[in-house]
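Here are my notes for your first look at this model. Please read them with the structure open beside you.

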Amino acid sequence: MIATEPEIKIPDQAFSRRSLARQRTMLAHATLSDCHLCERHCGVNRLAGERGVCQARDTAQIFSAQIEVSDELELIPTFAIAFSGCDLRCAFCITGRESWNPLAGKPLDKIAIAGRAIAALHEGAARTIMILGGEPTIHLPDVLQLVSMLPEDAKLIWKTNAHGSAQAREFLDGMFDVWLADYKFGNDTCAQRLALVPNYNKIVRKNLLWANEHSELIVRHLVMPGHVECCWKPVAQWLAGNLPEVKVNLRTGFWPAWKAHKHSELCATTSRSESQIARAIAREHHLNLIE
Amino acid sequence: MKTKSTFYEEAELLVLPDGKILAHNITPKMAALLSSLDPKNELMKQRGAPTLQNQIHETAKGN
């Protein structure tokens, strides 16, 4: 049987972000009975204990909540809240232990975490709040409830693998100021081999185009060793042709983590020459590179 | 450092044989440390600068 994505009627944006988030929390929670939050479309009943590819339950765990400065300069310092579990299976995931296990970390104590995030903003220790993973899309009900507890004027960042479904995008509409989205693979063969995900490019592109229409968008690409021509180059070409003004962060600090050793080309860091070639490709395509 | 919600602040470093350091989940204090190791790294300076000033201030207060 092919699982189909049910239509969900989501209220429009006539209300504040907080009240919208509150309303959507209930709706999003109900969708867990037939989960289509990501493009895996498992259709499992998470409320009844069934689990799809991500293995997520109906409540979220987080594995980190702290002020960080490793992200884009215009976003830092950010109070980063990392949700456990992910719908992709990237062999090289730098947080593989937590991203492949939705039970890693601790239960999300929304009141405590929102309190810490608000305090960080008020004290000037952070200027944004970032929701990331793993992949936070698979925990949308808890994410929305958390958003409902954050100040209206807080700058919220949605750090995502851009593999969410149309239903997830509807829930997310108007919730985040910036989408910080990964575009990891420039062809579906590499995506299938390294992240066990089919139809990757079509899905990511759909998400990026939508995000660019509905919020500010920053696209990230991590240059993987041996994947400049097959992955970065097509990504650069597509961005140049379809999102020519979008901010792009080209990350060259590949770290052979988690199960990278299972793929011979991923057993090293990205070489200086590959990094230089990757930057040359970006310049050639007049990409709007940011740090 | 143990925080109120029992999370430890965490940053990861990978030091390569050629002395290059890769860093992940950089906290402000780690950025300040990395910046002091490589003062010519303008990018790291931008990430760590505010905290570095805070740390100097805190140290002064501590003394």
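1. Chain A carries 32 positive and 32 negative side chains, and the centres of the two sets lie 5 Å apart. Lys and Arg count as positive, Asp and Glu as negative; His and the chain ends are not counted. Each charge is placed at NZ of Lys, CZ of Arg, CG of Asp or CD of Glu.

2. Know the ground rules. This is a predicted model: local features need pLDDT of at least 70, side-chain atom pairs count only at pLDDT 80 or more, and totals for chains, interfaces and linings use all residues. Residues are numbered from 1 along each chain as its sequence is written, chains are lettered from A and ligands numbered from 1 in the order written, and side-chain values use heavy atoms, without hydrogens and water.

3. Next, the fold. Chain A has 9 helices and 9 strands. These are DSSP runs: H or I of at least four residues for helices, E of at least two for strands, numbered from the N terminus.

4. Now burial. In chain A, 58% of the 291 residues are buried, meaning under 20% relative accessible area (1.4 Å probe, protein chains only).

5. Finally, the interface. Contact means heavy atoms within 4.5 Å. By that rule, 23 residues of chain A touch 22 residues of chain B. The area buried between chain A and chain B is about 1900 Å², with 64% from carbon and sulfur atoms. Buried area is the accessible area (1.4 Å probe) that two parts lose on being put together, summed over both. On the chain A side, A:Gln66, A:Val69 and A:Trp255 lose the most area to chain B, together 31% of what that side buries.

Methods. Buried < 20%, exposed > 50% of the residue type's maximum accessible area, 1.4 Å probe, protein only.
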